[in-house]
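Q: Could you walk me through how some helices and strands pack in this one?

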Amino acid sequence: MFKKVEAEIGGRMLTIESGRLAKQANGSVLVTYGDTMVLVTATAAKTPKPDAGFLPLTIDYQERLYAVGRIPGSFFRREIGRPSEKETLTCRLIDRPLRPLFVNGYMTETQVIATVLSADQQHDPDIMAMTGASCALAVSDIPFLGPIAGVRVGYIDGQYVVNPAKAQLIDSQMNIIVAGTREAVVMVEGGTSGLSEDEVLEGIFFGHAALQPLLAIQEELRAALGKAKRAVPQVEIDAELKKRVEELAAQEMQQVITTVDKLERSRLSDELKEKIVARLTEEKGADPGVVRGFLGDLKKDMMRGRIVKEQARIDGRRFDEVRTIICEVGCMPRTHGSALFTRGETQAIVTATLGSERDQQRVETLNGEEFKRFMLHYNFPPYCVGEVRPLRGPSRRDIGHGALAERAFEAVLPDAESFPYTIRVASEVLESNGSSSMATVCGTSLALMDGGVPISKPVSGIAMGLIKEGDEVIILSDILGDEDHLGDMDFKVVGTADGITSLQMDIKIAGVTKEIMARALAQAKQGRLHILEKMGEALAAPRAKIAEFAPKFFTMHINPDKIRELIGPGGKMIKALSLEYEAKIEVDDSGAVNIFTPNGEIANRLMDRIKSLSQEAQVGMIYKGVVKTIKDFGAFVEILPGTDGLVHISELAEGRVNKVTDVVKEGDEMMVKVLEIDRRGKIRLSHKAALAET
């Protein structure tokens, strides 16, 4: 059975159809918006994995270059290897609002695959893939409690715009993605140019209102084609065993949840777990996995209850209090900029490295080749949480946290014209007990300023949490790892003293209201300003000069006709200069020469050398030249590298000259004066006039 539904979103029709493509998947839909088409499938294994311990959900998003009529640039001419950073970020974007909406107890391997089949390069397929993933699950037999939908929100000339086109985003002060259900917002991701909390809040709920038609058409499609949902066996809870676990563990669990030190708290928790498991295995023959599950539930209930009823956090802080902050800059002498940022038991060491235009990252995308002059790489090694695991490439989480922090600086970085450096920031998380991505943001701001990068304003970030029990709502500032894991919200807010530049929100409950989000944003601003004040005590503004060991950048201009002399045959000259002066030399067709050298003294010597290679002859000037060619009518003399002129036989000497070779031979040096340069650039020289003057 085939069915197509449609809704107008942002002035264009978005259609979703099902029943024509990929019919062997449990659910499949084709989402079309303009000329962009995304096929999304949802498939689940036939048998569950009850011992998985978590929902085994995999999200894959893949952009195919045939969608824009291009052949991949790889050696194999096909999309291979790891997904691109954009594909990885979109996978996370889809996963986060979907994961909390599966029936409790569902433990079957499930895979959602979104494939971009056609792209008009005006509207990003990511939000189409998100809505399509929800719809594919909704029409399938997979026990999904959606639908959800997503839209992109822009802010142009004081007006909110839903799903702005690529060209519109250039002028937009906001680029955020909002995902939601009928009742509430469930996810936010994006950045702004520094808009206020009120403007961001209105934009989020403008997006929530705009996505409602997408929910309606999904419900229509589900009513027409939806399959009966699989039954999820309800696990019978052994109430007697659960009660016994609580009796044995409650007192010591109280000690666990009031221990401030993370490692000590983890040790006490592990010891308690093993003791209770051993006792109940011997006493009742209990399943160790079930006992551990009950202990986890007890820890969660007691921690949340302590926050709500006793108004007390694990480490004794107030709900709006930020942990102790220590900032250091210039920690590593040979880096271009560095900072060590410590907040409680979370610590990141961040470095900034400056390079030339050649160091920009080249990225192959659906929109063609793009170049990034600012890169932020977040690394989360296992030792930062006291674990042992193999080192691999960056995880999806690493890429996601790095993108969140990178986006935060787009609004404050200097433009390429005033600061023509490529900038790479690397953050190594040394310790983690919550908010390591926000420590990365703060460390990045300090490292950039330490390196002399003229950012317009310092940037800080804070992670907010939420505990909601009935009508009681508690908002927590600067959450710990346990508060994140056992809480209901992770809301990261990044910005300057004036406004927000990046934010990310994930919800583990049905959603949050506008009132709750307004409270969270206001409390986040208070914390952000406090952190900026602490950062300012270490370094309040960018240093006046870039770091000693950073490359120095200079620009000079030469006549475009002289570019070939600077480059030389096969690049021989420019390569030799680069090697001799340990420099990076870049020249464009306009004659602009960009020079990156270890220091200014070397740059001055190099520029003098380039001037000598590229200088032009001037009428009236006297030069010492070398005779290159002898003709019957005169001699051609090279007066500058790559520049020669003719000394006519009549200009070789006073009086009559019978033969040119009576005066000069090839290879001789001679003084000549420039008499004329005609419109074609031909130069007339005189040895006779030069002799008369000298």
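What follows is a short chat about a sheet and some helices.

A: Before we start, this is a predicted model in which local features need pLDDT of at least 70 and side-chain atom pairs count only at pLDDT 80 or more, while totals for chains, interfaces and linings use all residues. Residues are numbered from 1 along each chain as its sequence is written, and side-chain values use heavy atoms, leaving out hydrogens and water.

Q: What's the strand order in the open sheet of eight strands?

A: The order is β8-β7-β9-β10-β21-β20-β18-β19, with antiparallel pairing; strands are DSSP runs (E, at least two residues), as helices are (H or I, at least four), numbered from the N terminus, and two strands pair if DSSP finds at least two bridges between them.

Q: And which are the edge strands?

A: They are β8 (159-162) and β19 (472-477), each of which pairs on one side only.

Q: Which helix lies across β18 and β19?

A: That is α8 (residues 288-310), which runs at about 90° to β18 (460-469); axes are lines fitted to C-alpha atoms, for helices over the stretch in contact (heavy atoms within 4.5 Å), and angles run from 0 to 180 degrees between N-to-C directions.

Q: Switching topic, how do α14 and α15 cross?

A: The axes of α14 (residues 572-581) and α15 (residues 600-614) come within 11 Å and cross at roughly 160°, so the two helices are roughly antiparallel (angles over 145 degrees).

Key: Parallel < 35°, antiparallel > 145°, perpendicular 65-115°, else oblique.
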